[in-house]
Amino acid sequence: MPPAFPFAVAMLVMASPSAAPQTACRTSDAVYTSVADANASMRFRPVTGHFLSDVSLELTTASGTRYWFVFDGGSAPSIFAISTSKDPAAAHFALSDSHADSPLGEVPFYAFDRGMRFLDGFPRSSDPAPHYLFVPDLSDKLWHLRDPLPMGMFRFARCEARTP
């Protein structure tokens, strides 16, 4: 499969009409559903510490397995999500250099608004929620863990304030 193929498919999926409501929702309250598997979801979660964003990203796969990511800058003008086997919102969380603590490694992360404009910069809890999240390498990484996800594309589904 040509390398540009997954990105082209993702762009077509994102351009399709969405049933998600037009609502003002903060990033910290947004819930996203996979466009390829309605049983997989993502949401941002508040995180404190020495990170480049005040939110982390939580992925729940169709199997119910949860993965967490914190954000980091790449060597190019990209944002990367670094996976962690531990919940970044937990007390005394710290990133580890151990591969066992980063089951999915680093994955590129892209966010878009409803008009398909790329949202540059790290997600922040009080910012308006992106409408689409695209993590192109996610399906390959999960496949190796036998936790398949057909595509790393997620669409805004609802606004749901979390209680601490």
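User: Hi! Which residues form a disulfide here?
Analyst: Cysteine 25 and cysteine 159 do, with their sulfur atoms 2.2 Å apart. A disulfide here is a pair of cysteine sulfur atoms within 2.5 Å, and by that rule the count comes to 1. Keep in mind that this is a predicted model, where local features need pLDDT of at least 70 and side-chain atom pairs count only at pLDDT 80 or more, while totals for chains, interfaces and linings use all residues. Residues are numbered from 1 along each chain as its sequence is written, and side-chain values use heavy atoms, with hydrogens and water left out.

User: What parts does that pair tie together?
Analyst: Cysteine 25 lies in the loop between α1 and β1 and cysteine 159 in strand β8 (residues 153-159), so the pair ties together parts that are 134 residues apart in sequence. Helices (H or I, at least four residues) and strands (E, at least two) are DSSP runs, numbered from the N terminus.

User: And is the link of cysteine 25 and cysteine 159 right-handed or left-handed?
Analyst: The link is right-handed, with 85° about the S-S bond.

User: Is cysteine 25 buried or exposed?
Analyst: Cysteine 25 counts as buried, at 6% relative accessibility. Cysteine 159 is partly exposed, with a relative accessible area of 38%. Buried means under 20% relative accessible area, exposed over 50%, and partly exposed in between (1.4 Å probe, protein chains only).

User: New topic: how many salt bridges does the structure hold?
Analyst: It holds 6. A salt bridge is a side-chain nitrogen of Lys or Arg within 4 Å of a carboxyl oxygen of Asp or Glu. One of them pairs aspartate 113 with arginine 117, the closest N and O atoms being 2.9 Å apart. Aspartate 113 is buried at 18% relative accessibility, whereas arginine 117 is exposed at 53%.

User: Which residues do shared partners join into one network?
Analyst: Arg43, Arg158 and Glu160 are joined that way, through salt bridges.

User: What does glutamate 58 meet in a salt bridge?
Analyst: Its partner is arginine 66, at 3.6 Å from N to O. Glutamate 58 is buried, at 4% relative accessibility, and arginine 66 is partly exposed at 46%.

User: Now the core. Which residues touch the most other members of the largest nonpolar core?
Analyst: Those are Met42, Phe69, Phe109, Leu133, Leu138 and Phe154, out of 25 residues in that core. A nonpolar core is a set of buried Ala, Val, Leu, Ile, Met, Phe, Trp, Tyr and Cys residues joined through side-chain atoms within 4.5 Å. Elements giving two or more residues to this core include β1, β2 (41-46), β6 (106-112) and α2 (138-144).

User: What does phenylalanine 109 touch?
Analyst: Leaving out residues up to four places away in sequence, its contacts include Phe44, Leu57, Phe71, Ile79 and Leu133. Contact means heavy atoms within 4.5 Å.

User: Last one: where is confidence lowest, and where is it highest?
Analyst: Helix α1 (residues 5-15) has the lowest confidence, at a mean of 45, and strand β1 (residues 30-34) the highest, at 97. Over residues 1-22 the pLDDT is below 50, and this stretch has 28 contacts in the model beyond near neighbours in sequence. The mean pLDDT of the protein is 79, and 71% of its residues reach 70 or more. That score is the predictor's confidence in each residue, from 0 to 100.
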